[in-house]
Amino acid sequence: MSARPPAPYDGELSDDELRERLVGGEIPVAVYGLGKMGLPLAGVYAETAGDVTGVDVDPAVVETVAEGRSHVVGEPGLDELVADQVARGRLEATTDGAVAAADARIHAIIVPTLVTEDDEPDLTTVESVLEDVAAGLAPGDLVIAESTLPPGSCRDVLYPHLRQESGLERGAFGLAFCPERTSSGRALRDIRGAYPKVVGGVDAASTRAAELIYDEITSNEVHAVSDATTAEAVKVFEGVYRDVNIALANELGRLADELGISVREAIDTANGIPVCQLHEPGPGVGGHCIPYYPHFLLSRFEEPMPVMRTARELNDAMPSVVVDRLADELAATGTDLAEASVAVLGITYRPGVEETRASPAIGVIEALREAGADVAGVDPLVDPAEYGARPVALEDLPDESFDGAVVVTPHEEFEAIPWRELEPMVVVDGRDAVDLSGTGHRQYTFAGSRGGSPPVGGEGDGASDASEPPEPRRTDGGRDV
């Protein structure tokens, strides 16, 4: 019977020995979750450690990876990395998490943490992985959680759960939280060192082991914090900051109509000094991160946190705000939204990313349907029919007739839309992504354009006439505000 591989946690190896054994392929790694962030992480672990097993519950994903192919779309370099590491025998995949856990000494968990319909954090997927990890957990193993978690989860949930299910005593194995700081479309670059890597363990030995491991994976610095809860808070705070900042940008963007200016131009100019870093206004906040992380705090602590709560409500309302703007612009042309046909351009939450979780487009479609509009959808990556919109192919747009369109997600493919060939319509651009000057369409750009044009363009021109600026919207019984 062969000797068990070296333990990363218990301190028997010196720092230099741990590094040498890791990069020498002597310390097996299991990565649980081969999704948009998990597969890139497994690939980078493989190129560093040389002995990695990726685990996923989806047999199709496992089969694809085992064949040396990536199922993740739009991730530069990932196809080549997976193919290379599998061909060299440094990366394999399985659906049997317990078997992978029995062979591994480092266990990296990177599965989604979502929220329930009541906005409560849902750790079901993470806890399911813990069952597999615990089944193979041995003294000296290190568990690393990269899944975003509510602060306190490693200390109060993961560590007790692993102890109970494995039967190991406190101090027999390590647990560290090392949050992923990655974005779709640049995951490999981010993992390899675009940002400092944050690590924090449930004890000093866990922090030390995680720090040494990630120092080999990243070219950037490794920032060790006081404990796992602090590391968890770092990740959640980053997401909350962005949500609150976007909410502020959206609130300011809504002022553009009454001010008669481009708020985007004002924001870009204000950001010229370091003390101001306003984010980009738009039709809402989507993805598997920012819309969820505030609830990791709002639902678990007694502090009222009105800023976070208000920001979430404001960002959630943005799809309806955009639809209201469309209704106003249609009314200006004599068309009722309830009788209008509308195309929603972009269903995914980000350009070029095959992900629709919490996408603003879903809220836009729902608001349009509730208003009685006939809704079509255009997206090069997903089927709009799955989200309640009649699918229309990009090349078929000239054959369609719409009263309005809403630009939600500006995919690169949309640059090929032949706007001059389309029948005149009202176009609400939520991202300042299209130039419709000279096309005959009536354009409304939420928050105005970066070039300085206020939201409402001239009818039949697509942009405001610089010599005759549009009248600001009037409120309070006709009094200019």
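The largest cavity in this predicted model holds about 150 Å³ of space. A cavity here is a set of points, on a 1 Å grid over the protein atoms alone, where a 1.4 Å probe fits but cannot get out, and its lining residues have an atom within 4 Å of a point. Grid points are joined across faces, edges and corners, and a volume is the space filled by probe spheres set on the points. Of the 17 residues that line the largest cavity, Arg181, Thr182, Asp190, Ile191 and Lys197 are the closest to its centre. Two elements, helix H8 (187–194) and helix H9 (204–217), each give two or more residues to this lining, and the largest share, 3 residues, comes from H8. Helices (H or I, at least four residues) and strands (E, at least two) are DSSP runs, numbered from the N terminus. By this rule the model has 3 cavities of 30 Å³ or more.

Residues are numbered from 1 along each chain as its sequence is written. Because the model is predicted, local features need pLDDT of at least 70 and side-chain atom pairs count only at pLDDT 80 or more, while totals for chains, interfaces and linings use all residues, and side-chain values use heavy atoms, with hydrogens and water left out.

A pocket, in contrast to a cavity, is an open set of points with protein on both sides within 12 Å along at least five of seven lines. The largest pocket has 32 lining residues, and Ser183, Arg242, Ile290, Tyr349 and Arg350 lie nearest its centre. In the second largest pocket, which is lined by 29 residues, the closest to the centre are Gly33, Gly35, Ile110, Val111 and Pro112.

| Pocket | Volume | Largest share of lining |
|---|---|---|
| Largest pocket | about 880 Å³ | helix H10 (residues 228–253), 5 residues |
| Second largest pocket | about 650 Å³ | helix H6 (residues 124–136), 4 residues |

For the classes of lining residue, Ala, Val, Leu, Ile, Met, Phe, Trp, Tyr, Cys and Pro count as nonpolar, Asp, Glu, Lys and Arg as charged, and the others, Gly among them, as polar. The lining of the largest pocket divides into 11 nonpolar, 11 polar and 10 charged residues, that of the second largest pocket into 11 nonpolar, 10 polar and 8 charged, and that of the largest cavity into 9 nonpolar, 3 polar and 5 charged.

In soluble globular proteins, nonpolar side chains tend to be buried together. A nonpolar core is a set of buried Ala, Val, Leu, Ile, Met, Phe, Trp, Tyr and Cys residues joined through side-chain atoms within 4.5 Å, where buried means under 20% relative accessible area, exposed over 50%, and partly exposed in between (1.4 Å probe, protein chains only). The largest nonpolar core has 44 residues, and those with the most contacts inside it are Val31, Tyr45, Val52, Val65, Ile106 and Tyr214. Helix H2 (residues 38–49) gives the most to this core, with 7 residues. A second, separate core of 36 residues includes Leu314, Leu326, Ala367 and Ala373.

Two single residues show how accessibility is assigned. Thr439, in the loop between strand E15 (426–429) and strand E16 (442–445), counts as buried because its relative accessibility is 12%. Arg21, which is placed in helix H1 (residues 15–23), is partly exposed, with a relative accessible area of 27%.
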